[in-house]
Amino acid sequence: MADTQVEPALRERPMSPHLQIYTPLMSMVMSIVHRMTGVALFFGTILLAWWLAAAAIGPDAYASFMALADSTIGRLVLFGYTWALIHHMLGGLRHFIWDTGRGFALGMVDLMAWGTLILSVSLTLVIWFATFRMMGAM
């Protein structure tokens, strides 16, 4: 029979260097967040389809949707969807720049990662602020 016991020295070593060795870099974090926003956009698009369907069905269905969307939870979800959409778009632009063979210098990689985060938050706030100003002016 085969020996199923592993030597103690082999048992204590990690399978591969992972989080114990590598410290998270901003570009690593933004890559993970890019994937997470893609998943969030999938579920947010279901809400978008619900909104369109409610508008097509009639005033009662639309009023039901708007009651949820106009609640505090609904606005938080819509705010998160807006941020995810903008962040994912900017992350896609960052990857597009990399696809052209540019932006691989270490300083530029970090600058683009931070820029993606800062711009996505800033643009989301600008969109929401402008929307509330327009709604207040009506």
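Visitor: Which helix gives the most to the lining of the largest pocket?
Guide: This is a predicted model, where local features need pLDDT of at least 70, side-chain atom pairs count only at pLDDT 80 or more, and totals for chains, interfaces and linings use all residues. Residues are numbered from 1 along each chain as its sequence is written, and side-chain values use heavy atoms, without hydrogens and water. Helices are DSSP runs (H or I, at least four residues), numbered from the N terminus. With six lining residues, the top contributor is H4.

Visitor: Which residues lie nearest the centre of the largest pocket?
Guide: A pocket is an open set of points on a 1 Å grid over the protein atoms alone, where a 1.4 Å probe fits, with protein on both sides within 12 Å along at least five of seven lines; lining residues have an atom within 4 Å of a point. The lining has 20 residues. Nearest the centre are Ala69, Leu78, Thr82, Trp128 and Thr131.

Visitor: Why is the pair of tryptophan 128 and phenylalanine 132 called tilted?
Guide: Rings of Phe, Tyr and Trp (its six-membered ring) pair if their centres lie within 6.5 Å; planes under 30 degrees apart are stacked, over 60 edge-to-face, the rest tilted. Here the centres are 5.8 Å apart. The pair is tilted because its planes stand at 50°.

Visitor: Is tryptophan 128 buried or exposed?
Guide: Buried means under 20% relative accessible area, exposed over 50%, partly exposed in between (1.4 Å probe, protein chains only). Phenylalanine 132, at 38%, is partly exposed. Tryptophan 128 has 18%, so it counts as buried.

Note on methods:
Helix = DSSP H or I, 4+ residues; strand = E, 2+ residues; numbered from the N terminus.
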